[in-house]
Amino acid sequence: MFSRTLKLSALACALTAGVCASSVAAEAQGWYAGASAGYAQNKVSGINFIPGTTQKSSDTGFKIFGGYQFSPIWAVELEAVNFGKFQANSASLNSRVKASALGASVIGSYPFSNEFSVFGKLGAAAKFTDVDERGTTTGAGASTYSQKTTSGNVLAGVGAEYQLSKQFSLRAEYEYFGKTSVGNNGAKLTNSLASVGLRFHF
């Protein structure tokens, strides 16, 4: 009788554990969406600026994202990012480069607990740049230059996420979007974004 009771108890525990595991796996799967904002870097290299040029290579960046969580470990994600702009002003020329991107990536997570996990992402991004340069002189001799380009880049990132509730998570991450040729003088624009945001699980 005692042996039978132990067997029934063990079976009940196994069934309960199985139900709980299935419930956790189900909660970890599904669609999600979110938004983040933070510190965007817009660094220009490969060009010698006129002495006395002032540069602004950082701005407020933001993004919206969405994806599908296949398991507690794997997910795929799409995102739209605005990096703000790079600015360089001198006595003779004012330059501005706006940058944004659309990205797709695979995310791999490592859960330390039910609430906290770290992750890495790797994918590709289409980066859009808009260059506008204007001479400070006026009249017929004023120089202007504009260029809009689209280029492909590698997208890589790392981050951490904390589960606030069944539906909301707090996410912090750093993403690198590579270098892009801009202008007609061999300049390269490097973009990255360090952000904090919320993820909503449907």
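Modeller: Gladly! Strands β7 and β8 make a hairpin with four residues between them. Strands here are DSSP runs (E, at least two residues), numbered from the N terminus, and two strands pair if DSSP finds at least two bridges between them. This is a predicted model, where local features need pLDDT of at least 70 and side-chain atom pairs count only at pLDDT 80 or more, while totals for chains, interfaces and linings use all residues. Residues are numbered from 1 along each chain as its sequence is written, and side-chain values use heavy atoms, leaving out hydrogens and water.

Colleague: In which sense do β7 and β8 pair, and over how many bridges?

Modeller: Strand β7 (residues 144–163) pairs with β8 in the antiparallel sense, over eight bridges. Ala-160, for example, stands opposite Ala-172 in β8.

Colleague: How many bridges join β8 to β9?

Modeller: There are 13, and these strands run antiparallel. Glu-175 has Leu-193 in β9 as its bridge partner. The hairpin of β8 and β9 has four residues between the strands, and Gly-183 there takes a positive phi near 75°.

Colleague: How should I read a pocket?

Modeller: Rolling a probe the size of a water molecule over the atoms shows where empty space is left. On a 1 Å grid over the protein atoms alone, a pocket is an open set of points for a 1.4 Å probe, with protein on both sides within 12 Å along at least five of seven lines; lining residues have an atom within 4 Å of a point. Of the 19 residues lining the second largest pocket, Ile-47, Phe-49, Ser-95, Glu-133 and Asn-185 are the closest to its centre.
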